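Work through the exercises below with the model open. Try each task before you read its solution.

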Amino acid sequence: MKVAPSVLSADFGNLQRDIEEICSAGCDLVHVDVMDGHFVPNLTIGPVVVSAIAKAATKPLDIHLMVQNNTFFVELFAPLKPEYISFHIEEEKHPHRLIQKIRSLGIKPAIVLNPHTPPESIEFLLADLDMVLLMSVNPGFGGQSFIDSVIPKAKRLSAMRDTINPNCLIEVDGGVSDKNIQALKDVGVDIVVAGSYVFNHTDKKQAIQSLQI
Ligand code: DX5
Ligand code: ZN
């Protein structure tokens, strides 16, 4: 299991220190939550802060867009060369076109599904994706409780990807901890995002390693 700590739970007064700490503690990706105050009722960071994160990080960035105008934000963040950019299927009229655009910029495209969105909604996009991100909380805030229905949903998605695109990874985001990591692994999840679990831990390295099962 790969681990992508969510910077949303970092100490923004000591952002460089926290990014360096999770990278040297052995995280696999750095998860960056971009919220616009419209798609979700919270507002986070833009290109100035994300480029500071990119500069401090020695691991690839995983940018999670929670915004209304996906294409605008993809163009804004593409120069930072993240590994992944993921966008919400609920907020995109032309997801197939946007996937091609992200790929043409040299970035791996990913789609995010909110807790209510079935995996079948992306059946005909799966062949073109590098990753699907399943929300296990409602997007907008760190520190929420894990929604258990993501487990059978990940199991269904995992069966779909095995037939359609075995190279497509499955990531889960929200309320992840040592309490649910085994259940996520058992249904075929490849990467977990963890915000409060990692950053509230006194020993971040130990927290990250407890999820890398
Ligand atoms: C929520 C974000 C998550 C969040 C996870 O909208 O997408 O990445 O920061 O935080 P925890 O792990 O605390 O639920
Ligand atoms: Zn996220």
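**Exercise 1. Classify Glu-120 as buried, partly exposed or exposed, then find its contacts.**

Step 1. Glu-120 has a relative accessible area of 36%. Buried means under 20%, exposed over 50%, and partly exposed in between, with a 1.4 Å probe and protein chains only. Glu-120 is therefore partly exposed.

Step 2. Helices (H or I, at least four residues) and strands (E, at least two) are DSSP runs, numbered from the N terminus.

Step 3. Leave aside neighbours within four places in sequence; Glu-120 is then in contact with Arg-156 and Met-160. Contact means heavy atoms within 4.5 Å.

Step 4. The C-alpha atoms of Glu-120 and Leu-157 are separated by 8.0 Å, at 37 residues apart along the chain.

Two conventions apply throughout. This is a predicted model, where local features need pLDDT of at least 70, side-chain atom pairs count only at pLDDT 80 or more, and totals for chains, interfaces and linings use all residues. Residues are numbered from 1 along each chain as its sequence is written, chains are lettered from A and ligands numbered from 1 in the order in which they are written, and side-chain values use heavy atoms, with hydrogens and water left out.

**Exercise 2. Which residues coordinate the zinc ion (ligand 2), and what arrangement do the donor atoms make?**

Step 1. List the donors: His-31 (NE2), Asp-33 (OD), His-64 (ND1) and Asp-173 (OD), at 2.0 to 2.3 Å. Donors are N, O and S atoms within 2.8 Å of the metal (3.2 Å for Na, K and Ca); water is not among the atoms, so sites may look incomplete.

Step 2. Check the angles. The six donor atoms subtend 69 to 168° around the zinc ion (ligand 2), so the arrangement is octahedral. Six donors count as octahedral if opposite donors are over 155 degrees apart and all others between 65 and 115.

Step 3. Read the spacing of the donor residues in sequence: H-x1-D-x30-H-x108-D. His-31 in strand β2 (residues 30-35) and Asp-173 in strand β7 (residues 169-173) link distant parts of the chain, 142 residues apart.

Step 4. Check burial. His-31 is buried at 0% relative accessible area. Asp-173 is buried too, at 8%.

**Exercise 3. How many disulfides are there?**

Step 1. Apply the rule: a disulfide is a pair of cysteine sulfur atoms within 2.5 Å.

Step 2. Cys-27 is buried, with a relative accessible area of 1%.

Step 3. The count is zero disulfides.

**Exercise 4. At what angle do helix α3 and helix α4 pack?**

Step 1. Helix α3 (residues 70-77) and helix α4 (residues 95-104) pack at about 5°, and their axes are 11 Å apart. Axes are lines fitted to C-alpha atoms, for helices over the stretch in contact, and angles run from 0 to 180 degrees between N-to-C directions.

Step 2. α3 and α4 are therefore roughly parallel. Angles under 35 degrees count as roughly parallel.

Step 3. Name the contact residues: Asn-70, Thr-71, Val-74 and Glu-75 of α3, with Leu-98, Lys-101 and Ile-102 of α4.

Notes. Tetrahedral: all angles 85-135°; square planar, octahedral: opposite > 155°, others 65-115°. Parallel < 35°, antiparallel > 145°, perpendicular 65-115°, else oblique.
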